[in-house]
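Take a look at the chain below. This report walks through its layout and then visits a few of its residues.

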Amino acid sequence: MQVVQLYTAPPSSANQAPRNLKGFDAVWLNAGESKTVTLSLSRYDFSAWDVVSQSWQVVKGTTGIYVGASSRDLRLNGSITN
């Protein structure tokens, strides 16, 4: 069994942790086998709670996207700009 984890790294202006676990899935693999895993993100995964407006606000800037077996074993990365 292999666990796939998806993390986001919000822009520094979000005042959040440097990496946040946003999804995961476990798949069974035989030796040498590969599978496609789909993990979805919503607008809330790119938002921070705004105390003044009492609502979720999408954080402007570039959010890093990381996928791997754990937070210390990230094998894929990319980014999304809001």
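## Order of the elements

From the N terminus on, the chain runs β-β-β-β-β-β. That makes six strands and zero helices. Keep in mind that this is a predicted model.

## The chain as a whole

The chain has 82 residues, and 26% of them count as buried. Its C-alpha trace spans about 50 × 20 × 20 Å along the principal axes. The accessible surface comes to about 5,800 Å². Carbon and sulfur atoms own 51% of that surface.

How far apart in sequence are the residues that touch? Take the contacts between residues at least 6 apart in sequence: 41% of these join residues at least 24 apart. Now the charges. The chain carries 7 positive and 5 negative side chains. The centres of these two sets lie 5 Å apart.

Strand S1 covers residues 2–9.

Start with glutamine 2. Is glutamine 2 buried, exposed or partly exposed? Its relative accessibility is 28%, so glutamine 2 counts as partly exposed. Beyond its neighbours within four places in sequence, glutamine 2 is in contact with Asp25, Ala26, Val27, Leu29 and Ala69. Serine 13 is another matter. Glutamine 2 and serine 13 are 11 residues apart along the chain, and their C-alpha atoms are separated by 34 Å.

Leucine 6 has a relative accessible area of 7%. The cut-off for buried is under 20%, so leucine 6 is buried. Which residues does leucine 6 contact, leaving aside those within four places in sequence? They are Asn20, Leu21, Lys22, Gly23, Leu39, Leu41, Tyr66 and Val67. Valine 67 sits 61 residues away along the chain, yet the two C-alpha atoms are separated by 4.6 Å.

Threonine 8 is buried too, because its relative accessibility is 1%. Threonine 8 and threonine 63 are 55 residues apart in sequence. In space, they are 6.5 Å apart, C-alpha to C-alpha.

Move on to strand S3, residues 47–50. How does S3 pair with strand S4, in the parallel or antiparallel sense? The sense is antiparallel, over four bridges, and S4 spans residues 55–58. The two strands form a hairpin with four residues between them. In this hairpin, glutamine 54 takes a positive phi near 55 degrees.

Serine 47 lies in S3. Across from it, in S4, stands valine 58. Serine 47 counts as buried because its relative accessibility is 4%.

What does serine 47 touch, not counting residues up to four places away in sequence? The list is Gln16, Trp56, Gln57, Val58 and Val59. Its side chain also has a polar atom 2.6 Å from the backbone oxygen of arginine 43.

Notes: Residues numbered from 1 in each chain as written. Predicted model: local features only at pLDDT ≥ 70, side-chain atom pairs only at ≥ 80, totals over all residues. Heavy atoms only, no water. Buried < 20%, exposed > 50% of the residue type's maximum accessible area, 1.4 Å probe, protein only. Contact = heavy atoms within 4.5 Å. Areas by Shrake-Rupley, 256 points an atom, 1.4 Å probe, with all protein chains shown as cover. Lys, Arg positive; Asp, Glu negative; His and termini not counted. Charge placed at Lys NZ, Arg CZ, Asp CG, Glu CD. Polar contact = N/O pair within 3.5 Å; in protein donor to acceptor, adjacent residues only side chain to side chain. Pairing = 2+ DSSP bridges.
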